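Here's a quick tour of two spots in a protein model. Keep the picture open while you read.

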Amino acid sequence: MKTFKSTCCYCGVGCGVVVTKEGNGQLSLEGDKEHPSNKGMLCSKGMNLHYTVMDQSDRLLYPQMRLNRSMPMQRVSWDDALERTAAVFKTLIKKFGPDSVAFYVSGQCLTEEYYLVNKLIKGFIGSNNIDTNSRLCMSSAVVGYKLALGEDSVPVCYDDIEAADVIFVTGANPAWCHPIIWRRVEAHKEANPNVKIICVDPRKTDTSRSSDLHLQIAPGTDIVLNNAIGRILIERNYIDQDFIANHTDGFSDFKEKVMQRTIDEAAELCGINADDIYTAAEWIGRSEGFLSFWTMGLNQSVIGVNKNLSLINLHLITGKIGKPGNGPFSLTGQPNAMGGRETGGLANILPGHREVVNAEHRAEMEQFWNTPVKIANKPGLTATEMFEALADDKLKAIWIINTNPLVSMPDINVAEAALNKSRFVVVQDVSNRADTVKFADVVLPAAAWLEKEGTMTNAERRITHLPKAVDAPGEALPDAEIIWRFAEKMGFGDSFNYKNTSEVYDEYTQCTAGTTIDVTGVNYQLLKNNRSVQWPLTTSFENNILPVTGTKRLFTDHEFYTKNKRAQIHAVNDENTSEPVDEDFPLVLTTGRIRDQWHTMTKTGRVAKLNQHTPQPFLQIHPEDAKSRNIKEGQLAVIKSRRGEVRVKVNITEDVRPGLCFLPMHWGKILGSNLGRANNLTNNLVDPKSKEPDFKFSAVEVSLY
Ligand code: SF4
């Protein structure tokens, strides 16, 4: 019997787990009581994680390829698969330039894997065409943090939960989607009944039901609400004049903006009671610890960056940031979305939170990597842009790693048609359930969680080491090894000559020296001995004397990462620019998660216990909207948008506001049909700054099937 300490690979809470491997290979799993993020707790998904490793019925076992899409896939050797891929990439790059190829990766990737793909395409192929599915979930928060605080830096930690007396949850349902954080919130409230929880959500959820105040706003009115709260904080003198004067810019424009709308007007637009806005502002104004949490309700919006800024403003005008229990806390959706951003995993960034448009940053990485080409000086294609470029034949080849865009992309029929038309598709994945496999020219089997070694960073900047505990089935290889083997086939072997992922990680940490996410003090040995650390952590910082904690909170000195070290308060417009509703499509559709499923269900969909909670997709619709359409509970309905349709059973409930309906995002194919796939309906509008899609607002109509 052997035990291994690892981290749950589902959500960004990043719970520590202890895996036990019996002599017969059977695995069991429990929460790690010593891990500071979860203190032994696990949610239903985490508790059942080991079943996804033991059930190998859907695993891709060996490399496959075909010379054209009308041919069946053939099993080939790793050398053959990678040599052909390299030959195709070289031909396309020679003929059409480096921007003719792209990598689309995942917040599931480990830090080392993210780093290697970025190094390969940005430093050696010479294109910035790499983006990640984090673009679909976090990029508005990234831009919001950068514009307000100077960098993409979560300033808070989970221990701030127990130090807060007002917890403001907006556009999020952590009771289902970040359950261990929510258990900490509930335990804190139980021990301290004076703590106030405010939930902002157009739906009633388990989070809103355990809150003291639910602001059930109309979809798209988050900025109206936040600006109204800002106005009350100013009028009732709850602002921190010294903090504003000494540590921020932009307050007078903000004040002018929020004074343009009365609280009554704001309440009417939001569809809530003005008294409730006053109550929320009073609680925030009087609090000693004001902690805000948000996820997709703010981020997945055509005005996502401005929604983020409007929330961060409330912390800046009250000075409630950089001290225990205070700060804006963007909850990461995926397990290593943050590690991805640290290593440059978006089309506009380089490792160490450097920017591709910054000549100094490019020069630093060119020198560090000793690149044979100049790093391109403009951002590459983002997630949705990649599929548009494939459809237009501007992008010739795409390599998709550990993500399932044919369920997760907005306006999915466009993405599907793009892959169908594309010249060359490589799919690197664990599972044959990935919907992309049937469009692939080359399929590369990847090792899964517990089958490879690496690191991840969770939502509170906490880095943990994930050991290899079991062998991958068949010929599946760790993703990092696949990339360094491919780099060698491309002729870059001297710069990708790694023996293990520890060497990759050491190289990555050295390129962070002197940056705001400096982790030069971190290595595998430290992580194994110490379990985890929060960045930044330099060698000089704690000198590796255990236990090392790293940095719990940022901005405790109130010096921000902007050039003048002052945070920027932004006066943001409150108009929503989502797809308009009209006579033909009068309802707003929002999409989201359910409790026991994860993303596109390639893992959780295989666990019988998890499928019991909600076995089929469904549409939530308000009783008034159902009645006016003569639809009864449990009947099959057809939901149509300007792009496509979905057919699912309806759940008539007052949990959604009149005029709003909700579909879960997880389902792709059911019995060969795509009619439960929510993204048949969503639109391709994106936030202009973050390029994050507007998943939370599509105009639809519902009728009886
Ligand atoms: Fe895993 Fe997230 Fe559940 Fe923790 S809260 S066990 S990280 S899914």
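## Strands side by side

Two strands pair if DSSP finds at least two bridges between them. Strands here are DSSP runs of E with at least two residues, while helices are runs of H or I with at least four, and both are numbered from the N terminus.

Strand 2 (residues 16–21) pairs with strand 1 (residues 2–7) in the antiparallel sense, over 6 bridges. Strand 2 also runs antiparallel to strand 3 (residues 27–31), joined by 5 bridges. Take a look at valine 17: it's the bridge partner of serine 6, and valine 17 also stands opposite glycine 31 in strand 3. The hairpin of strand 2 and strand 3 has 5 residues between the strands, and glycine 25 there takes a positive phi near 90°.

## Two helices crossing

How do helix 19 and helix 21 pack? Helix 19 (residues 383–391) meets helix 21 (residues 412–421) at an angle of about 50°, with the axes 8 Å apart. Axes are lines fitted to C-alpha atoms over the stretch in contact, and angles run from 0 to 180 degrees between N-to-C directions. That angle makes helix 19 oblique to helix 21 (under 35 degrees is roughly parallel, over 145 roughly antiparallel, 65 to 115 roughly perpendicular, and the rest oblique).

Phe387, Leu390 and Ala391 of helix 19 touch residues of helix 21 including Val414 and Lys421; contact means C-beta atoms, placed from the backbone, within 7 Å.

## About the model

This is a predicted model: local features need pLDDT of at least 70, side-chain atom pairs count only at pLDDT 80 or more, and totals for chains, interfaces and linings use all residues. Residues are numbered from 1 along each chain as its sequence is written.

Technical notes
Two residues are in contact if their C-beta atoms, placed from the backbone, lie within 7 Å.
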